[in-house]
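Here are a few notes to go with the model. Have the viewer open while you read, and start at the ligand.

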Amino acid sequence: MKSFIAANWKMNKTISETGEFLRDFIPLVKDVTDVDIVVAPPFTALSAAAGAIQGTNVRLAAQDIFWEEKGAYTGEVAPGMLLDAGCTHVIIGHSERRQYFHEDDAVVNRKVRAAKKAGLGVIFCVGESLGERESNRTFEVIRREVEKGLEGIDADGLVVAYEPIWAIGTGKTASPDQAQEVHAFIRDILGKLYAGTAEGIRILYGGSVTPDNVSSLMACKDVNGGLVGGASLKADSFAKLVCYKKEK
Ligand code: PEP
């Protein structure tokens, strides 16, 4: 299966910083054919990024989406607008959206439906908090998020990201065993939702992935890529991640 490695820049980088990053990054990964490479800049830099990646092996994702096609929704961005800006993918259900913007499973599901209807690939995020892990609720939380978030959704263009909240931006990475355990569990749920096609769905790990730990995580059977925050902000660091096979 082709791996999938995505950069989630969150609320970082202006238009000119995005341009500088891509100018440095694109030549470093131009020969990579076995990884789908995606960058997710803030909304304001999407259009400029789309111009910079034209004709390259780098694809563009937005970090969020709204489910309506147009209308009186001040501040929101419609699926068609993301396509128009050059996006092929969108991140949905990131824990920061769930936590700070109160997105629940129903909201996440509406967003996934809208993105898929527009033809966007979806990077669908799930993950447990530290408290949930410590009280042995990891599997219950992951099951609920996957089943509710993907209700009525087909598997086409779907990528799932497992991001334990306690590992995001903390420098605490899940061990390969911890990651594999949850990835296998997600694969099992996907098997029930998508009999026959679940094996082909990429499941990414996210949470303090760095050039130093990427190989051990990618060596896990059900880890098919990464969603990377902090270590994706510098071109050389994100290029090392994308080229993890060479770095071994
Ligand atoms: C993220 O928020 O998607 C993420 C994985 O962040 P970091 O790599 O900084 O932990």
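**Notes on the ligand site, the pocket and an aromatic pair**

1. A quick sort of the ligand shell by residue type gives 4 nonpolar, 8 polar and 3 charged residues. Keep in mind that this is a predicted model. The shell has 15 residues in total, and the closest ones are Lys-10, His-94, Glu-163, Gly-169 and Ser-208.

2. The side chain of Lys-10 puts an N or O atom 2.5 Å from a ligand oxygen. As for cover, the ligand on its own would expose 300 Å², and the protein buries 95% of that.

3. On to the largest pocket, whose volume comes out at about 470 Å³. It is lined by 19 residues, with Lys-10, Gln-63, Asp-64, Arg-97 and Phe-101 closest to the centre. By type, the lining splits into 8 nonpolar, 5 polar and 6 charged residues.

4. How many aromatic pairs does a search of the whole structure find? The count is 7. One to look at is Trp-9 with Phe-21: the ring centres are 4.7 Å apart and the planes meet at 70°, so this pair counts as edge-to-face. Trp-9 belongs to the loop between β1 (3-8) and α1 (15-29), while Phe-21 is in helix α1, so the pair links parts of the chain 12 residues apart.

Key. Residues are numbered from 1 along each chain as its sequence is written. This is a predicted model: local features need pLDDT of at least 70, side-chain atom pairs count only at pLDDT 80 or more; totals for chains, interfaces and linings use all residues. Side-chain values use heavy atoms; hydrogens and water are left out. A residue is near a molecule or strand if one of its heavy atoms lies within 4 Å of it. A polar contact is a pair of N or O atoms within 3.5 Å; within protein, one must be able to donate a hydrogen and the other to accept it, and residues adjacent in sequence count only if both atoms are side-chain atoms. Accessible areas come from the Shrake-Rupley method with a 1.4 Å probe; for residues, only the protein chains shown count as cover. Ala, Val, Leu, Ile, Met, Phe, Trp, Tyr, Cys and Pro count as nonpolar, Asp, Glu, Lys and Arg as charged, and the others, Gly among them, as polar. On a 1 Å grid over the protein atoms alone, a cavity is a set of points where a 1.4 Å probe fits but cannot get out, and a pocket is an open set with protein on both sides within 12 Å along at least five of seven lines; lining residues have an atom within 4 Å of a point. Grid points are joined across faces, edges and corners, and a volume is the space filled by probe spheres set on the points. Rings of Phe, Tyr and Trp (its six-membered ring) pair if their centres lie within 6.5 Å; planes under 30 degrees apart count as stacked, over 60 as edge-to-face and the rest as tilted. Helices (H or I, at least four residues) and strands (E, at least two) are DSSP runs, numbered from the N terminus.
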